[in-house]
Amino acid sequence: MARATRVSAPRKALLLAGAILACLAHNLVLAPLVHAAPSAAAAPGFDTAEAQRLLLALCVGGPRIAGSQAASAAVALLLRELGAVSELARAAGATLEFEAVDSGHGSFETDFLDGFTNSYQGVVSVAARLTWPGAAREAVLLSSHFDTWSSSPGASDDAVHVATTVGVLRALAAGPARGVSVLAFFSGAEESNWVAAHAFATRHRWAADYRAVLNLEAIGAGGDLVAFQMGPRAGWLASALGDAGTQRGSVFAHDLFQIPGFPAGDDFKTLVAHAPHRGGAVRVTGVDFATIEAGYHYHTPLDQPVDTGGYPQMRSHGEGLLAKTRAAMAGLRRELDAAAADGGNGGAAGGERGARAPHENEQTVDGPSDVVYFDLYGLAWVTYSASTGVWLHLLAAATALGAIAVTGAGPSRAAAELAAMVGALLAAALVGGLVAAVHPLATYGRPALAAGAYGGSALAVSLAVRLRLSRRSGAPEPTESGKAGKAASKAGKAATEAKGARLLASAPSSAAVAAGATPGEGSRRAAAAALVPWLLALLPMQACGLGSAYLPAYYLGVNGAALLGAAVVAVSSPAAAAALQLCGALLPTVHAAELCRQLIAVLLPITARSGAVLPTDPLVAVVYAVTAVCTSSVLVAPLPRRVAARSAGGLGLAAVCCVCFALGSRASPFTDATPKRLVVQHVYRELEGAPHSSGLWVSAFDFSGLRELRETPAAAALLPAVAARTPYACDFDPLTPAPPPAAGRLLFDPPVRPTGCYLSLPFYFPLGGVLGTPDGQGAVFATTVAGRSVKPPPIPQRKRVRIERTGAAPGPEPGSLTLSLRVSGPSHMGVAAPETRLLAWSFAAAEAPRPPVPRRSPFAPDERLHFAFLTCGSGGGAEPCSWDLTLVVNGSAPLPLAVTGHYPDIADTPELEALSEALPTELRADWHWFSSMVQRVDLPVGGAETVAYS
């Protein structure tokens, strides 16, 4: 008679402990943290038709660049709309104040794009304040921007959020009264690197009152609003947002956006970091929301209201923002009440904040995030504190370790899982590198092709490595183990031959039961071994204080609990055990796969605007590999060898076909819906105030360079420099000997240009490290078009770049001099000077000179340059913008200096039009086409006389 199934005493103890821990984790910790979605009537009152009307009115005038007449028209439009809302508020017993806000003059240093100085003057924005009788002055701030990129009407970035914000104010103004106030800030210069937000936070009288920022942005041109960043001490706000219904987002995105320059900054960090909070217990925090889908249209003429019918998701965005605002206001009221009950020193966000100096504007959040937040499948919003997360994540790790111990997953299996994962990532990276070398960006705009080439190859390699190592170690099939597995296999084969029943082939035999095995034990052992890489990921993430450690913890906790539960019920109900194990594997897999899908939705379009220096295909390949392999490892690991071998072969064949298509296809990956980004500037250059040369500066903004232009006969004939790959020598930038040999440097390095190409060409932003120099591959400076010399663009004489040295005096340090300059030109200008000569500078007469932050580009390690970007809000008319600069320099030699001016409104010159007509539509997204001017001088530092260049 066969013995009953036995489980050893240590395993019994582990099973019991694991079951208890899983129940405690769910009932005591997870359940209170989940915010269920409220009823659909939670956010009534948003007028979609009015918001659509305002959106169309904003976009009808085209791009609204800071300082342009279109931007001024947008200000006037917003003031009229807010006037109407003010009448509605007065009738309901509320008060809406609103005004146009002049930024005045200011400047700050930023670490964006390897660091530069931002200076501004006269930028006009709009601000509004909604209050009720008896309401606290403390407010929730809604932030959006009406300015746009130079060629985009900016429907999603950011007119739709401007329209929804006005709609939210209209709904709130109609009542009922609230316990706190609402501020709305409509920035007029977000695209100029957050200068209007900086002015509002550091100067405006209402800025001292906001405690929570809801910033509305766009990374793509559609989709839901996703919470992708939170400020410090945001636990109360994250929890309050759960009352507004299920939010979308994850702290995983927050951690990614703390990487400098990923993928860019916005007004959010500036508003939170510079808020002039004067006392009180509730400190400033916030949430950064953005739409992330359809990133191919972002910052292009394609970003416009669809068929003039408005924004398709206006209703959901507006009602969602209204619910978020109400929830944030209620949460702020609770925090204020808690602080008052605690004598003004308590509350979840109590204490004083240290103010950041106005000139410091690094794109980081001051202090680590204290909250973990994520949505579960779009059905629930989960938040908990970072301190709770430590214990919760340790509990998840303990549950997974218990499952590994109970199932008997040994070191050899764990090593096989690690090897499979590493091999998959390496294989995908190699495939991505091959694509980058042969046909860069072949998968751009082709997510299915990328999934097949990168995800398919990663899965195939992971399965092959797992099979290889399991055969080498002699490990049994995942369905059974040891002697029991062999006995089960023989018994199953005999049963099949005798009865022909398929189910008996996988069922454990009496011999297996007699050996002490439980049904499905081998499958659970393989699944438990697949948890080891997640354990190794959790430990460093938790040690670094990353909120995204919840992701491996969730994976470990759910799978570990499911495996422990499956081990308990396997004896009595093998089918229930298998279902429990499958559910435990699917739930975190679906969540992780959705996060990876969102990351790909952001990353894949960015590859076309991430620069021509570094290949992006390997990075895309690794992300697809992580999506395919890491998220599915617990599902794939238990596959029987025969199934795994067939799957590996099929996936490998599919991947090879996709890779061959990507490498062999001559078709361009760019289409009308997924256009290529080209930076095309019609450049006029003067040297020492005298005309020098003109040309078209054409730069690719992706690693494929100018390949598509060379393969377009009309474009190649129009620009011989493109067809011949003619390099440009950056003739205005002086050559200097290379630095002494050091580690990683050649003994005989060639001479370098420490100022890069910044004194020769008019960079809009300091993008030299991303675009590279005009080497003929990724960029050219063409002085002839169709065999004729390029004429200067029609820049108005009064708005040409002019430099005037108005004075010189001894400097604050021995051997230094202080120069006074008057610089004038258009609304957007740049100033570049060598780091070796410039000690400090300022951009207004009342401003004390400060040492600029040194630029240290990883792509241009020899660069030693200071760069300033100047934004003026009054440059849309006939009169130029003027700046009073003070430069502190060392040495007595003339100072190499370049001042550049940019004219986004001069984009229809004959040369630009000829190039546009020569290109197919997918290559002329008009992303960044305009005219520019360079005024390059060697400025005398001695003497008191006035020296002018114009």
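Predicted model: local features only at pLDDT ≥ 70, side-chain atom pairs only at ≥ 80, totals over all residues.
1. Helix α11, covering residues 411–438, and helix α20, covering residues 617–630, have axes that come within 8 Å and cross at roughly 150 degrees. Since angles over 145 degrees count as roughly antiparallel, α11 and α20 are therefore roughly antiparallel to each other, and their crossing is right-handed.

2. On the α11 side this contact is made by M421, A424, L425, A428, A429, G432, G433, V435 and A436, while α20 contributes D617, P618, A621, V622, A625, V626, V629 and C630. By class, the residues of the contact of α11 with α20 divide into 14 nonpolar, 2 polar and 1 charged.

3. Turning to the sheet, the model has an open arrangement of 8 strands in the order β2-β5-β7-β6-β8-β11-β9-β10, and the pairing is mixed. Its edges are formed by β2 (95–102) and β10 (248–249), each of which pairs on one side only.

4. Within this order, strand β6 (residues 136–145) pairs with strand β8 (residues 210–218) in the parallel sense over 5 bridges; for V140, the bridge partner in β8 is A212.

5. Helix α19 (residues 574–606), for its part, lies across β9 (222–230), β10 and β11 (285–293), and runs at about 75 degrees to β11.

Definitions and conventions: Residues numbered from 1 in each chain as written. Heavy atoms only, no water. Axes fitted to C-alpha atoms, helices over the stretch in contact; angles between N-to-C directions. Helix = DSSP H or I, 4+ residues; strand = E, 2+ residues; numbered from the N terminus. Parallel < 35°, antiparallel > 145°, perpendicular 65-115°, else oblique. Left-handed = near helix turned anticlockwise from the far one by under 90°. Contact = heavy atoms within 4.5 Å. Nonpolar A, V, L, I, M, F, W, Y, C, P; charged D, E, K, R; others polar. Pairing = 2+ DSSP bridges.
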